[in-house]
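Subject: Structure for you to look at

Hello,

Here is the structure for you to look through. Please open it first, then read my notes beside it.

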Amino acid sequence: MPTGAGAGLVLTSDASGNATWQTAQASTAGWSFGGNTVGVLKTLGTVDNNDFPLITDNLERLRFTAGGNVLIGKTSQANSGYLLDVNGNIRANKIVVNTSGADFVFEPCYRLPSLQQDQTIRDYDQKFKQQEEQTKSMQERITRLEQLIDSSSALSTKHSSK
């Protein structure tokens with residue numbers, strides 16, 4: 001390894017493999033720290049079939065997969081059918097859902113019930129189901145009693161005619 005390393009120098013090698021320290025040259029071909037002036041379309045990423053991860057604090061935070069999906073907070077996905085896959089909470093000011101049919105949930109007049117209202121509805125449904133079961137059971141008992149009364153009346157009529 002050649003000596004002479006210092007600030008602003010880069011290690012280069014010639015065609016024979018001889019290494020030397022050179023002054024770093026400004027380049028307009030790459031991306032620079034602090035930003036770039038981009039007069040025409042430029043790209044940043046991979047040119048082979050590999051994912052493109054971005055890290056902060058030496059931890060991966062965002063990944064563009066080779067298939068074009070975006071992963072946030074995760075390094076892989078079980079179902080690549082989702083173009084955006086987030087491991088964590090999402091905050092948005094507006095979400096637009098494009099559907100081919102009516103989607104009343106996202107109509108402006110639709111009001112999503114609060115969790116308390118939703119719980120009240122579920123409690124009511126549960127009580128209603130219990131009352132239905134009790135009513136059905138009561139109706140079955142009444143029907144059985146009516147059958148017993150009818151059979152008792154039939155026996156009584158039979159005995160009185162003798």
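Start with one definition: helices (H or I, at least four residues) and strands (E, at least two) are DSSP runs, numbered from the N terminus. Read along the sequence, the pattern is then β-β-β-β-β-β-α. That is six strands and one helix.

Two notes on the source. This is a predicted model, so local features need pLDDT of at least 70, side-chain atom pairs count only at pLDDT 80 or more, and totals for chains, interfaces and linings use all residues. Residues are numbered from 1 along each chain as its sequence is written, and side-chain values use heavy atoms, with hydrogens and water left out.

**The whole chain**

How much of the chain is buried? Buried means under 20% relative accessible area, exposed means over 50%, and partly exposed is in between (1.4 Å probe, protein chains only). Buried residues are 4% of the 162 in the chain.

Next, contacts, meaning heavy atoms within 4.5 Å. Take the contacts between residues at least 6 apart in sequence: 0% of them join residues at least 24 apart.

Accessible areas come from the Shrake-Rupley method with a 1.4 Å probe; for residues, only the protein chains shown count as cover. The chain's accessible surface is about 14800 Å². Carbon and sulfur atoms hold 54% of that surface.

Two strands pair if DSSP finds at least two bridges between them. β1 (residues 9–13) pairs with β2 in the antiparallel sense, over five bridges. Leu 9 has Thr 23 in β2 as its bridge partner. The hairpin of β1 and β2 has five residues between its strands. Gly 17 in this hairpin takes a positive phi near 95°.

Leu 44 sits in the loop between β2 (19–23) and β3 (52–56). Its relative accessible area is 59%, so Leu 44 is exposed. Leu 44 also forms a nonpolar surface patch with Trp 31 and Val 38. Together the three have about 310 Å² of accessible area. A patch is made of residues with over 30% relative accessible area and no salt bridge; like charges are joined within 9 Å, nonpolar side chains (Val, Leu, Ile, Met, Phe, Trp, Tyr) within 5 Å. A salt bridge is a side-chain nitrogen of Lys or Arg within 4 Å of a carboxyl oxygen of Asp or Glu.

β3 and β4 pair in the antiparallel sense over five bridges. Phe 52 stands opposite Phe 64 in β4. Leu 54 stands opposite Leu 62 in β4. In a regular strand the side chains alternate between the two faces of the sheet.

The hairpin of β3 and β4 has two residues between the strands. Look at Asp 57 and Asn 58 in that loop. Phi of Asp 57 is near 50°, a positive value in a residue other than glycine. Phi of Asn 58 is near 65°, also positive and also in a residue other than glycine. Asp 57 is exposed because its relative accessibility is 69%. Asn 58 is exposed because its value is 68%.

β4 also pairs with β5 in the antiparallel sense, over three bridges. Here Phe 64 stands opposite Val 70 in β5. Five residues lie between the two strands of this hairpin, and Gly 68 in the turn has a positive phi of about 100°.

Thr 65 lies in the loop between β4 (59–64) and β5 (70–72). Thr 65 counts as buried because its relative accessibility is 17%.

Asn 69 is found in the loop between β4 and β5. Asn 69 counts as buried because its relative accessibility is 4%. The side chains of Asn 69 and Gln 77 make a polar contact of 2.7 Å. A polar contact is a pair of N or O atoms within 3.5 Å; within protein, one must be able to donate a hydrogen and the other to accept it, and residues adjacent in sequence count only if both atoms are side-chain atoms.

Asn 79 lies in the loop between β5 and β6 (84–86). Asn 79 counts as partly exposed because its relative accessibility is 41%. A polar atom of its side chain lies 2.8 Å from the backbone nitrogen of Gly 81.

Best wishes
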